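Subject: Model for you to look at

Hello,

Here is the model I promised to send. Please open it first, then read my notes below.

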Amino acid sequence: MTSKTEILQDIKILAEKKLITKEELIIAFDEGSNIQAKKIPSKKSHLAEILYFISGGIIFLGIAILLAQNWPELRYSTKVLATLGSCIAAYFIGLLLGREKKNVIPAEAGTERISSAFFLIFSLATPIGLSIIFDHEGFDTGSSGVQTLISGILFVTQIFSYFVFRRNIFMLFSILFGTWLFLSLTNFLMSYNLYWDTSKFYEYRALMIGLVYLLLGHAFSNNKQAPLTGFLYGFGLIGFFGAALCLGEWKPHQNIIWESAFPILTFAAIFLSVYLKRKIFLVFSTLFLIIFILKITSEYFSNSLGWPLALVIAGLLMIAMTYMSLRLSRKYLA
Amino acid sequence: MDKRKNISLILAVAIPILMIFLIIASIYWPRATAHPKFNFLYLMGENYINNQQYVVQNEKLIFTQKNSENNAKFYIYDTTQNKSTEISFQDAQKLNLNANLKSPDGFEVVSGGNDGGIFPLFFGSTDNYYSRYLKNDHTTLKLNIPHNYNFRFLGWVKS
């Protein structure tokens, strides 16, 4: 048997000739030491995953269109079978395909990825199936109370599946159904509470959801749920800054606190982009700051300075913002 | 997962739960302390032809269309006991009424808000629009009145 020094020497030679990569070495080492190799997703495997998800979505669309086209003719049992039946079938197919992951080379874990497509069908079709049952039993499925119940069942199913199978698709739908549950429940509470300003309440909820998404994004970064981070940061920033902008309102009903807080919040997000090394914070906060500059200019300066001059000032500020953003991106995030 | 990420996760879970509890507290706390003092008169099943058949003038209820059919039912709503009692038109005419929409203690009778969920699953909900509530600047109290689009508030009963 060759000695360790000889093996290492061979590796050096192979690396010099570019016949072996660092990733291949790590996989070989992990396999030898019984550690499951860390998956290095290639562009091809990403594309395959996206295609599997699109296929799952198309299957769901097929079920939905079939139901919609034949709704009056279909019997209750057929409707339940077509929706909840396919959900259960998709869930078990997903489980069976997902089970094979230990017997295949991680980089080629095709069946595991296919299982995600079936879990997607399950997650998309379950709300329809449950709504059919509730509707048939005489519940008003349009009401916030019943939607709280449906979204609650969906949330529990997804979070339970996540804790058992540790698949990101379940975490994604847990977050989506959790958001639906939060919105339905607060809508339900609000319908018996008529003295609040409804639009303000909607804005504060969007602000809170945005903040929660950002916190989840941060909690999930650099671990198994890391693929969800982009989605969470993106929608979190849109929800948070969109709501904060709306809370500032428009002259003469403007809210000075929110209008003053908005630029501070955007600059804080720009600082965070450098601290967390996340370009998405920089992009969205710059975009929202540009929208804010336009809003403030038209709100306060269009009458005093005149609209054309106000536009020139807004344009100059936007150029300054974009320049600053690009400089920061090149210096700290490249 | 490091400590800071754990805190992020805890906060992400705690914020919506805390918000729900705050909403519940802000609804039920003022409700528990609100005590409307004035009863009101309302009618149901008015035969509405061009104009209202019944109006309050000089604190008294009057019937304006003498030749038309008189099918309306009159009720006094007891706000302390939260229940309605049917009375005859003659008894209703004996009451002194304040026709202002707002009672002297700041309450008014309003229809329910939007009870719809987030997604329009099958049908939108309009159920709560036909529920009636007593509302002031701090709270809303649900009234025990059967759902009826033909409900009409007539006035606050002067003691």
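Start in chain B. Strand β1 (residues 40-44) of chain B is joined to strand β10 (residues 152-157) of chain B by four bridges, and the two run antiparallel. Within this pair, Y42(B) stands opposite F153(B) in β10(B). Both strands belong to an open sheet of five, in the order β5-β4-β1-β10-β6 (chain B). The pairing in that sheet is antiparallel. Its edge strands are β5 (83-87) and β6 (97-98) of chain B, each pairing on one side only.

Bear in mind that this is a predicted model. For chain A, the mean pLDDT is 83, and 90% of the residues reach at least 70. Among the elements of chain A, helix α9 (residues 229-247) has the highest mean pLDDT, 95. Helix α2 (residues 22-32) of chain A has the lowest, 74. One stretch needs care: residues 104-108 of chain A stay under 50 in pLDDT. The model has seven contacts for that stretch beyond four places in sequence. Where pLDDT is low, the predicted coordinates should not be read in detail.

Now chain A as a whole. Chain A has 334 residues, of which 33% count as buried. Take the contacts in chain A between residues at least 6 apart in sequence: 58% of them join residues at least 24 apart.

Next, the cores. The largest nonpolar core has 60 residues. I121(A), F122(A), A125(A), L216(A) and L237(A) touch the most other members. Helix α7 (residues 168-190) of chain A gives the most to this core, with twelve residues. Apart from it lies another core, of 16 residues, including L61(B), F74(B), L134(B) and W156(B).

Back to I121(A). Leaving aside residues up to four places away in sequence, I121(A) touches G56(A), I59(A), F60(A), S86(A) and A90(A).

Is L130(A) buried or exposed? L130(A) counts as buried because 23 C-beta neighbours lie inside 10 Å, and the cut-off is 20 or more. Beyond four places in sequence, L130(A) touches I150(A) and I153(A). S151(A) is 21 residues from L130(A) along the chain, and their C-alpha atoms are separated by 9.6 Å.

Best wishes

Key
Residues are numbered from 1 along each chain as its sequence is written. Chains are lettered from A and ligands numbered from 1 in the order in which they are written. This is a predicted model: local features need pLDDT of at least 70, side-chain atom pairs count only at pLDDT 80 or more; totals for chains, interfaces and linings use all residues. pLDDT is the predictor's confidence in each residue, from 0 to 100. Two residues are in contact if their C-beta atoms, placed from the backbone, lie within 7 Å. A residue is buried if 20 or more other C-beta atoms lie within 10 Å of its own, exposed if 12 or fewer, and partly exposed in between; C-beta atoms are placed from the backbone. A nonpolar core is a set of buried Ala, Val, Leu, Ile, Met, Phe, Trp, Tyr and Cys residues joined through C-beta atoms within 7 Å. Two strands pair if DSSP finds at least two bridges between them.
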